[in-house]
Amino acid sequence: MILADTLAFAGSTLDRAADLRSDPQKMASLLADGGQVLPIWRGKPLIQGGAEPGWVPAGHPVLVHGRPPLFLGLDEGIARFAQDISDWSPAVGSEALESGFFDGSTQFHPSLPDTHAFLELRGVMNQLSPSAAEMVATAKAVLQWHISHRYCAVCGAQSVAINAGWQRVCGTCAAQHFPRSDPVVIMLIQRGNKLLLGRSAGWPDGMYSCLAGFVEPGETLEAAVRREVLEETSITVGDVRFVASQPWPFPASLMMGFIGEATSEDITIDPKELDAAIWVTREDMMEVMAGQHPTIRPARKGAIAYHLIAQWLAGRLE
């Protein structure tokens, strides 16, 4: 059993207070009367001291370029909101966004102390408390949805945000749109004393993980596990069992973790999907997770892949 609080973004302690979202006056009152706002710049949340969300009050100068606030919920009586401030441009000389798998650059806002910075969420997710991680993940995913779904999918007209950021409506055809989470299966595939790992092109050297893929329409989760593994590696899978799930806001997925029993062993990768795939023995995997393997890096702590592997090594997924 994987406990939710060992997985990043899976704390689920926030009172989302969905019944309040449709009351604009209540939202305005909560925001003005002690509400706290998390600024997010181009997908990067404001982090204080490297370990906490950088909450600011409504009307703070950092929010000058902010788009309409998103109501996250009530956190021990405090109303929490988030605002996208991607229209702000850092001063000349600030580090620019870095391309690739991980953006390690840091951005500082002139209205905030140097203890506050916009950081890549992957780099701080394990320092955040479970409740804070849930709020940051929710904010990042929903605000990104607003950016990528500004136009109605029915008629193409520009839509507007309503219900405190939890819905968009088209003023032309009245179509209603809601934030989405993309279902993804991620699976630890075992065969005897070995497990199957793969890597995508563009990943850092030595980075391998459990195979994963999007669930297709009309498909069960178990069927998605078998199809993805077969498509990517030609490995056939028999028994499949659910283990745990994890929100993954990159940009907005729900990762559903499984363990599967391989019924074949010969690997033939699909080069459009994977750069490489390998079988790794339990003994070698112990070295990987200890950071002592010469060529394979351990999965990122907090990610469901790390915990699937850790539970498998501990014999808890038998």
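I looked at which residues helix 1 shows on the face turned away from its buried side, and in this predicted model I found the exposed residues Gln-25 and Ala-32 there.

I then turned to the buried side of helix 1, which spans residues 24–32, and noted Met-27, Leu-30 and Leu-31 as buried. These three cover an arc of only 100 degrees around the axis, so they sit on the same side of helix 1. I set beside this the general point that an α-helix has 3.6 residues a turn, so residues three or four places apart point the same way.

Next I asked what covers the buried residues of helix 1. I found that the cover includes strand 1 (36–41), strand 5 (70–75) and strand 6 (78–84).

Going on to the whole chain, I counted six helices and 16 strands. Its radius of gyration is 21 Å, close to the 20 Å that the globule rule gives for 318 residues, and the chain is therefore as compact as a globular protein of that length. Along the principal axes, I noted that the C-alpha trace spans about 60 × 45 × 35 Å.

Lastly I checked the surface and the charges. The accessible surface comes to about 15,000 Å², with 52% of it belonging to carbon and sulfur atoms, while the 24 positive and 35 negative side chains form two sets whose centres lie 2 Å apart.

Key: Residues numbered from 1 in each chain as written. Predicted model: local features only at pLDDT ≥ 70, side-chain atom pairs only at ≥ 80, totals over all residues. Heavy atoms only, no water. Helix = DSSP H or I, 4+ residues; strand = E, 2+ residues; numbered from the N terminus. Rg over C-alpha atoms; globule rule 2.2 N^0.38 Å. Areas by Shrake-Rupley, 256 points an atom, 1.4 Å probe, with all protein chains shown as cover. Lys, Arg positive; Asp, Glu negative; His and termini not counted. Charge placed at Lys NZ, Arg CZ, Asp CG, Glu CD. Buried < 20%, exposed > 50% of the residue type's maximum accessible area, 1.4 Å probe, protein only. Arc of directions from axis to C-beta. Contact = heavy atoms within 4.5 Å.
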